[in-house]
Amino acid sequence: MRILGYLVGGFSRSTELIKHFRDHSKGRLGDKELEELIVEHAKEVVKIQQQAGLAYITDGMLNWPDPIRPIFEGLEGAEINGLARWFDNNFFYKKPIITASLKRVADPDKRYFQAELIQRDRRKLILPDPYTLAKLSDNRHYRRGEDLVAVLAEQIAETASTLASDGVAQIQLTAPSLAASKLSREEAEVAAMGVDIVASRCPRPILLHMPYGPADNAFPAILDFPVDVLGFDLTATSPRKLKEYTVGKKVYLGFLDGRNSYMEPVDEVLDSCISLADEMEVSEVHVGPSCDLELLPYPVAVEKVKILGEILRRAAEL
Amino acid sequence: MKDKLFPTMEVGSLKKSPFLTKDLERAAAAAEVWGKLLNVPDFKQLVNDIKGNLLGERELLNWASIYGLKFFESAGLDVIYDGEAKRHEMYEHPLKYVDGFSFRGLVRVWDNEYYLKAAIVSKPRLREPYHLDEYLFNKQHTTKPLKIPVTGPYTLADWSMDEYYITRYGMSDPLEARRMAKHDMVIELAREVIRPTVRALVEHGAEHIQLDEPAAATKPSEVAVVVEAVNEVLKGFNVETTVHICYTNYSALFPEILEMKVSNLSISCSNADTTKPGLGSESRAGFQVVKLFSDYKAGFRLAPGVVDVHTDFIESPDLVRDRLIYAAKLMSDPAKIVACNDCGLRTRSWEVAYEKQLSLVRGANLARSSLS
């Protein structure tokens, strides 16, 4: 069985980088200086992943203010408003208010993906999935929710095309809203339409990852989504539920708790991963944290990556 | 409080005392202005001591507590505290008194805001009841009933990481392991940390305890644990009890919340409400949640926030009155409504916060008159 490992979200900022951001907000550091420092820290995050032998590498998304705001930059028709809880976390994002037809007035900002830091065949770009983005917005304009999903999908596709213009090895669509509550057939159809719009305009492979919630909320519809890999948060999805279905795609199993500092025993994770993959009858399994590592302090996030590296090393010995 | 219609109470925090600044001239001026306004006894002593730079941190914080108490007392609230003047914040502060936690580093809450997050690494043990000195000091400086805010066990657990309880369970089903470990952690914190803290307060005369549980509805599947822990902390204490849960989807708390054995549940409503006076459902959009508690026939009183703590808009007494009357109507019993703020006033200036508290008291008076 082939086992790959990688991350599925942003990396936490180090204490030093946090200080740089604070200095910048107080006017003690200029825009350009901060940008340069972010790149330096991103290099370190890339190095940590390379050393762990991860198949795909992210730039850590260290300059993202939250997991969705950059998509709305350069768009007319949306205002960014008050704080809203990011799923079941003690973390808050700023809610986009859709007040008019969304129209692009500036190109997506390429600084949101430091592609040049990563070799092309391992580059991984992470963006929100259209349905999740629509659910997290306050729609005061589009009469039908599906219209908003379609428009957002176009914008995500354009962002992906711009950020991935120099090539990527994997695109991830992060879709916590698909697992947050039971998805009706109609909702699943709308979500699939959104993913299809992005998938038709982006390079493959595409991973659709569903952190924080039980992915069986989206079963069985999710199994037919036009993606190459389905990602599950095993701290929120029961392995029993996954065994009930024939997935028919590659799977990403988020066995490492991306929100807890406990370092999982390497052999136990590997055994659980192989055993579940066998029962799901998949020939290639991807493994890593349950979600982004932003919800962990930086040193803990680094340790998690090392654990993942150790899992991959042991897997290679099998 | 029990016999008065629409009794008024605050929720907890105030912004740092205006005289706690390094600029001695400004500090002395602020101590004088607020000392006069709030009728703080011996405030001139503080002004002189600030001018002479004679006070250490401890003395300044004691004065901050006194000013906090007088802030609410002079505004006319029925139940008060000191604005949490001596606490750094609600998570890090209590954990400093508990063995078994280890701070692991900063974690983002939003944008550039971070908090120092800890992990539990062994069985928690309370070194000393951490709010007792604060309470005993406050008791000496007011004759008003005090309500002591205490961070609840669920919130302490939910905002922490777990490197101890999770080791009790294997990796084959991380979901189930996490669920059981979280339950163990919350209940043990309730028994070993929060209950002894509350017991010490009650044994020294505290008559009203407030458990703050802002994380309570974060994970709907864990509401039963929240309720079990609150009941575990408070069982057998013959005192007034309030649980404060703010800015959340309250429907996620049902029906488990009905099993919570408390006197009052304090919730935020005004932040989601309009500022138009009136008793119509459109004007009172933020108070529709009260109906949920009424429909389920909740056994406790509800303390809906009739003052929004996240804006500088000063609610008129008429608006406060309408919010209270509307909430009372939805509950079908005005005796089941307490007049309260949405949350602590930490984010507002003292000037704005004071005006808001005056309106709270005046609005409650108007509501009382209109029903008598």
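## Extent of the interface

Buried area is the accessible area, taken with a 1.4 Å probe, that two parts lose on being put together, summed over both. The size of an interface is often given in this way, as the accessible area lost when the parts come together. Chain B and chain A bury about 3,100 Å² between them, and 52% of this lies on carbon and sulfur atoms. On the side of chain B, Arg108(B), Met171(B) and Arg178(B) lose the most area to chain A, together 24% of what that side buries.

This is a predicted model, in which local features need pLDDT of at least 70 and side-chain atom pairs count only at pLDDT 80 or more, while totals for chains, interfaces and linings use all residues. Residues are numbered from 1 along each chain as its sequence is written, chains are lettered from A and ligands numbered from 1 in the order in which they are written, and side-chain values use heavy atoms, with hydrogens and water left out.

## Contacts between the chains

Counting heavy atoms within 4.5 Å as contact, 29 residues of chain B touch 42 residues of chain A. Five salt bridges (a side-chain nitrogen of Lys or Arg within 4 Å of a carboxyl oxygen of Asp or Glu) are found across this interface. One of them joins Asp111(B) to Arg69(A), with the closest N and O atoms 2.4 Å apart.

The elements of chain B that give two or more residues to the side touching chain A are β2 (98-110), β3 (113-126), β5 (161-162) and α7 (174-203); helices (H or I, at least four residues) and strands (E, at least two) are DSSP runs, numbered from the N terminus. Strand β2(B) gives the most, with seven residues.

## Aromatic pairs within chain B

Rings of Phe, Tyr and Trp (its six-membered ring) pair if their centres lie within 6.5 Å; planes under 30 degrees apart count as stacked, over 60 as edge-to-face and the rest as tilted. Over all chains, the count comes to 26 aromatic pairs. The rings of Trp34(B) and Tyr354(B) have centres 5.9 Å apart and planes at 80°, so this pair is edge-to-face. It links helix α1 (residues 24-37) with helix α11 (residues 350-371) of chain B, across 320 residues. Both Trp34(B) and Tyr354(B) are buried, a term for under 20% relative accessible area, with exposed over 50% and partly exposed in between (1.4 Å probe, protein chains only).

Ring pairs link Trp34(B), Phe71(B), Phe72(B), Trp350(B) and Tyr354(B) into a cluster. Phe71(B) and Trp350(B) are likewise buried.
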